[in-house]
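Please open the model in a viewer and keep the sequence at hand. The stops below are given in the order in which they may be selected.

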Amino acid sequence: MKRRLFATVGVIAALALSACGSTDTEGTASGASGEPSMSASAPMASASPSMMMSGQFGPGCAAVPADPSNPGSFEAMAKVPVATAASGNPLLSTLVTAVKKANLVDSLNGTPGLTVFAPTNDAFAKIPKADLDKVLADDAMLKKILTYHVVTTQLSPETLAGTHKTLQGDDITVTGSGTSFTVNGTSMVVCGNVSTANATVYIVDTVLMPKS
């Protein structure tokens, strides 16, 4: 009886060990040739085009303050709405003056999901002073020009190229790809994909003029 009992126990143990070995083998095979694990998929995600394009781009970005505590830095701008963010950026002081003059601060800050094409100080400097002074003195004209720089949908670099309706009512057309874009054939994006709390900003080197 004892011999039979020992023999039965031995068979059960052998079967158990065989089953464990089969499970381990299948687990190893699944890890090698089945669905990729989370750790295996992570490098693929980090190399995706959308994530590669998540940062700011363009030669004008070098003029933006690097100190995160500076209100004009990318980090600080990302925490506040767009008109407030622009007020801290040294490239955009003329634009900020115009936005305040046109009483657009609250509407820009309070509207979610915008894209703003923000002319630099140098862009405004291209306009003859007499003409610029005339525009700044005409609130209706100033508001029309400024709202022509605002698109009511938020555009990433991947969706930037194309024709887009502006807050003013006319369309603008963006051409290009990657990190090189031109608006209406004349205005170059010099610092793109700048995040604020409610908008994405593309800083441009020429003021855009509506058709109507």
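**First stop: His149**

Select His149, which is buried at a relative accessible area of 4% (buried means under 20% relative accessible area, exposed over 50% and partly exposed in between, with a 1.4 Å probe and protein chains only). The model is a predicted one, in which local features need pLDDT of at least 70 and side-chain atom pairs count only at pLDDT 80 or more, while totals for chains, interfaces and linings use all residues. Residues are numbered from 1 along each chain as its sequence is written, and side-chain values use heavy atoms, with hydrogens and water left out.

His149 is located in the loop between H10 and strand S2 (150-151); helices (H or I, at least four residues) and strands (E, at least two) are DSSP runs, numbered from the N terminus. A polar atom of the His149 side chain lies 2.7 Å from the backbone oxygen of Ile145. Show next the residues in contact with His149 (heavy atoms within 4.5 Å): with neighbours within four places in sequence set aside, they are Thr115, Val116, Phe117, Pro119, Val207 and Leu208.

**Second stop: helices H9 and H10**

Ile145 also belongs to the contact between two helices. Select helix H9 (residues 129-137) and helix H10 (residues 139-147), whose axes are 5 Å apart and meet at an angle of about 100°. Axes are lines fitted to C-alpha atoms, for helices over the stretch in contact, and angles run from 0 to 180 degrees between N-to-C directions. H9 and H10 are therefore roughly perpendicular (65 to 115 degrees). H9 contributes Val135, Leu136 and Ala137, and H10 contributes Asp139, Met141, Leu142 and Ile145.

Move to Thr166, in the loop between strand S3 (162-165) and strand S4 (171-177). Thr166 is buried, at 3% relative accessibility. A polar atom of the Thr166 side chain lies 2.7 Å from the backbone oxygen of Asp170. Beyond neighbours within four places in sequence, Thr166 is in contact with Thr147, Tyr148, Val150, Val151, Asp171 and Ile172.

**Last stop: an aromatic pair**

Rings of Phe, Tyr and Trp (its six-membered ring) pair if their centres lie within 6.5 Å; planes under 30 degrees apart count as stacked, over 60 as edge-to-face and the rest as tilted. The count by this rule is two aromatic pairs. One of them is Phe57 with Phe181, a tilted pair at 6.0 Å centre to centre and 45° between the planes. Phe57 lies in the loop between helix H3 (49-52) and helix H4 (74-77) and Phe181 in strand S5 (residues 180-183), so the pair ties together parts 124 residues apart in sequence. Phe57 is buried at 7% relative accessibility, and Phe181 is buried at 1%.

Terms used: Angles under 35 degrees count as roughly parallel, over 145 as roughly antiparallel, 65 to 115 as roughly perpendicular and the rest as oblique. A polar contact is a pair of N or O atoms within 3.5 Å; within protein, one must be able to donate a hydrogen and the other to accept it, and residues adjacent in sequence count only if both atoms are side-chain atoms.
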